[in-house]
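The tour goes from the whole chain to single residues.

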Amino acid sequence: MVLSMAVACAKTPGYDFGEDDGTPDSIDGTELADDTNLFGQITDQNGNPVSGVAVSDGRTVVTTDANGVYQMSRSKLSRYVFYTTPAGYEINRADDGYPLFYQTIDQTQRVARNDFKLTALDAPETNFKLICIADPQCKTADNVSRYRSETVPDVEETAQGYLDAEIPVYGVTLGDIIFDSPEIWEDMKATMENLNIPVFQTIGNHDHLQNVGSESEATENYEKYLGPRDYSFDRGDAHIVVMDNVIYKGGAGGANYSGGITDAQLAWLEADLALVPKSKLVIFCAHIPFRDMNDPDDESQKNGQAVIDLLSEFAEAHMMIGHTHYNENWVHQAGGKSIIEHIHGAACGAWWASTFCVDGSPNGYAVYNVDGASIDGYYYKGTDRDDGLQMRAYPGTAVFGTQGTTTFGWGANTSTYNDPKCIVVNVWNAIVPSRLESGADSDLLWKVELYQGGSKVCDMTARNSPEWWAYGNFVINYAKSGSTYSNNRTHMYYGNLRSGDALNDTDEELDFEIRVTDQFGIVYTCSKLNRTLVQ
């Protein structure tokens, strides 16, 4: 239970009040500064003070002292006061199961007191799973129904498997919870109530109200249902930061926002991270990708490089991103560190049109294993798919149909693939050479090998290419069009068998296997070719 009260001008038992405005002179021996107008105390389940807890109003960051007391002069713009849950304490949850680490500031009071109570964990968490869910992006009641009946049960089942093994699990969405439809906020929030794990939230561009004049108006609904947009929490040796990196410009349509964080947000992030030991793992969660920031003055990702530079100060850092509806891993190089930006496929896939994303990866989410101050394994989990499904392979000469002047197939469009022995494979979570910034760690690259008859034929070559199977499906089966579906995908590989006809021979006759090894040495295999437009 979280306690809250606003200080009034009447005497409250146990506090020494000043003579001016009802602000106490001290709390449990902690003197309050003259300009303090937001303060409180954090205690544990036994009423003992908890020191060293970071507390913020979204602008200022302070820590509790030996008496568990925090104090600050709050910003007039602040709507919430919130704390960073320490690693040794449980995540507080509201009656509906959502993480509860904040309280609304009573703006009718000049002076506000907000207390919090924490519950200590029985033992430290040295290992946990983090589930990242990008872009539920529900627009209609039918979309909400699919999210509730497809994604949510799958996430809970995955989480329960780890919980049964006594491994803690936490979740975070990565923005675009709704799709420009504020009327469904109630139903969408209800889909994630009382889950078997706490799931934190991130705001996306489509979670902003349209046709309003200010950022505060645009984010009003999100904050009403889900709380602060910039905050952090600790688990084990990891510090997890969630930020709004959508800069709203006002008006409607696709050009009403840009990516990035404001100077004020950057100052908050600097203050938040200043309290984190450099030996820790930092996981930074936001919605819009930071990749490929070649122009330091590019306002499409304001302060992006500054964020990456801050992350590079820690033992290890990862960025968890959504927005694109396809999987891609970009490896930044800063401060002598390689920082992986994990851009996730969408829970809704291609906006609930099918059961796969625009790059052919299944609708789904990602699961990360956090061990100490490092992520030492992760995989993309397709909704209602086996954990081991990490790729889809095709004959290079396969044609998945035609429409107008477009023939959907690799060999039909590029001579490189026009060989009966050619195999193409979509390894949707691979780290590929074209996405390593100069100087980044090449050991992070995934290895994709082609075997036939039990012996290795070749290392398959990464090459940007349309995902012709997915593109054909979207155009022919789902009546979609546009570059969203036809763009090159970075995680396509090809190689030629020693013998056989990949299109006309059976998988058994070809006797082949594709072996994919990620940077942790985990091996995934595939020995099936998709030859038709079948999901």
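Here are the stops, with what to select at each.

This is a predicted model: local features need pLDDT of at least 70, side-chain atom pairs count only at pLDDT 80 or more, and totals for chains, interfaces and linings use all residues. Residues are numbered from 1 along each chain as its sequence is written, and side-chain values use heavy atoms, leaving out hydrogens and water.

**The whole chain.** Show it as a cartoon. The protein chain has 9 helices and 37 strands; helices (H or I, at least four residues) and strands (E, at least two) are DSSP runs, numbered from the N terminus. Its C-alpha atoms fill a box of roughly 90 × 45 × 45 Å along the principal axes. Of the 535 residues, 56% count as buried (under 20% relative accessible area, 1.4 Å probe, protein chains only).

**Helix 7.** Select residues 468-477. Of these 10 residues, 8 are buried, so helix 7 is largely enclosed by the rest of the structure. Among them are Trp-468, Trp-469 and Phe-474. What do the buried residues of helix 7 pack against? Look for strands 26, 27, 28 and 33, and helix 8.

**Its two ends.** Select Glu-467. At the start of helix 7, a side-chain oxygen of Glu-467 comes within 3.1 Å of the backbone nitrogen of Trp-469. Just after the helix, Ala-479 has a positive phi of about 55°.

**Gly-227.** Select Gly-227, in the loop between helix 4 and strand 15. Gly-227 counts as buried because its relative accessibility is 0%. Leaving aside residues up to four places away in sequence, Gly-227 touches Tyr-80, Tyr-102 and Tyr-222 (contact means heavy atoms within 4.5 Å).

Key: Buried < 20%, exposed > 50% of the residue type's maximum accessible area, 1.4 Å probe, protein only. Polar contact = N/O pair within 3.5 Å; in protein donor to acceptor, adjacent residues only side chain to side chain.
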